[in-house]
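Here is a short note for a colleague opening this entry for the first time. Please keep the sequence and the model side by side while reading.

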Amino acid sequence: MEIDKEIRRRAQLKKLCEIIRGKPISDWAWIDWEALAGACYAKGKRRRDRIYTPEQAQMLLCLGHLRKHFPTRLVTYRSLREYWQANIYKIEEALDKACNDEPITKPEFVELIPLLQVKKCCDEIMGRSLSRETWSNWKQHIGIPKNSKGVESGKAALLVYMACWRQDHWTTEFPSMKQLLWMMGEATRLGMTIDTFSSGKMQHQWEMQGCKGEELPRYLAAHGYRISVFTLYKWGEGTFSKKKHYSVSELGEWKRRASKCRKYAA
């Protein structure tokens, strides 16, 4: 994005960052922000008269988004630059703008999933009850406020995916939120819900040995197709059974059928 020279002035840019963050920024804090954005060197002008380069201005605005959504995250010049280059802040900026432009009555239609329900699902995946400290760390990792009681479906699915990932990688540190989203993939994010979770080991077993009919909705959900059992009965025309074991080739046929029907529906 192009930033006008007037906007790149220190006072104007600081004001914009305060608007993005939603909180005032002290002069001492702004000096730290300048250091994180690589704009802390002397330029022959008084600090209040400084004009930043376009890249520095973009990184400072990006830092405003980062501090708004992840106020407690440790930020370095490298992590800020990676966050800026990944263009995640542009998505957050668009979402923030959409939320601010919508009428006041809109939030009452937003359905939040209770975090207790999400935790129960994660406990089932892990085969044990997650401790309070572990659950708090998981929420903090993807930017869920500590005292939240509910969460939107996207972050609920991400928590479920984290449980699936942890089941397959017991001792490895969690990847960043950006990497988790990338690993989930677009199709998996669309198909994964609280009721259709699956881990990498389960998917590998299905691909090698097939699965029972009762697991077929979860198999299809892992590939991005949210298909109910009722729909499977309808497609099978009396041949579908929850107790039947479907081979790998039969699973491929179900997946092709789901892909074809979804394409027609679109």
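Which side chain of opposite charge is nearest to the buried Arg67, and how many Å away is Asp or Glu?

1. **Basis.** This is a predicted model: local features need pLDDT of at least 70, side-chain atom pairs count only at pLDDT 80 or more, and totals for chains, interfaces and linings use all residues. Residues are numbered from 1 along each chain as its sequence is written, and side-chain values use heavy atoms, with hydrogens and water left out.

2. **Arg67.** The nearest side chain of opposite charge is Asp32, 8.2 Å away. Arg67 is buried and has no salt bridge. Buried means under 20% relative accessible area, exposed over 50%, and partly exposed in between (1.4 Å probe, protein chains only). A salt bridge puts a side-chain nitrogen of Lys or Arg within 4 Å of a carboxyl oxygen of Asp or Glu. For charge, Lys and Arg count as positive, Asp and Glu as negative; His and the chain ends are not counted. Arg67 sits in helix H3 (residues 54-69). Helices (H or I, at least four residues) and strands (E, at least two) are DSSP runs, numbered from the N terminus. Leaving aside neighbours within four places in sequence, Arg67 contacts Arg21, Trp33, Arg73 and Val75. Contact means heavy atoms within 4.5 Å.

3. **Lys139.** Helix H7 (residues 132-141) holds Lys139. Lys139 is buried too, yet has no salt bridge. Its nearest side chain of opposite charge is Asp123, 12 Å away. Beyond its neighbours within four places in sequence, Lys139 touches Leu115, Ile144, Lys146 and Leu159.

4. **The rest of H7.** Trp135, Trp138 and Lys139 are buried in H7. Seen down the axis of H7, the buried residues fall within an arc of 95 degrees, so they line one face of the helix. The arc is taken from the directions from the helix axis to the C-beta atoms. The buried residues of H7 pack against helix H6 (115-126) and helix H8 (153-168). Gly143 follows H7, with a positive phi near 80 degrees.

5. **H4.** Leu80, Tyr83 and Trp84 are buried in helix H4 (residues 77-85). Down the axis of H4, its buried residues fall within an arc of 100 degrees, so they line one face of the helix. An α-helix has 3.6 residues a turn, so residues three or four places apart point the same way.

6. **Cysteines.** How many disulfides are there? The count is zero, where a disulfide is a pair of cysteine sulfur atoms within 2.5 Å. Cys17 is in no disulfide; the nearest cysteine sulfur, that of Cys62, is 9.9 Å away. Cys17 is buried, at 0% relative accessible area. The sulfur of Cys122 lies 5.7 Å from the closest cysteine sulfur, in Cys121, which is too far for a bond. Cys122 is also buried, at 0% relative accessibility.

7. **Glu237.** Look at the loop between helix H12 (229-236) and strand S4 (245-246), where Glu237 is found. Phi of Glu237 is near 50 degrees, a positive value in a residue other than glycine. Most residues other than glycine have a negative phi. Glu237 counts as exposed, at 70% relative accessibility.

8. **Val248.** Val248 belongs to helix H13 (residues 248-265). Val248 is partly exposed, with a relative accessible area of 35%. Val248 and Met208 are 40 residues apart in sequence, but 6.8 Å apart in space, C-alpha to C-alpha. Not counting residues up to four places away in sequence, Val248 touches Trp206, Glu207, Met208, Gln209 and Gly210.
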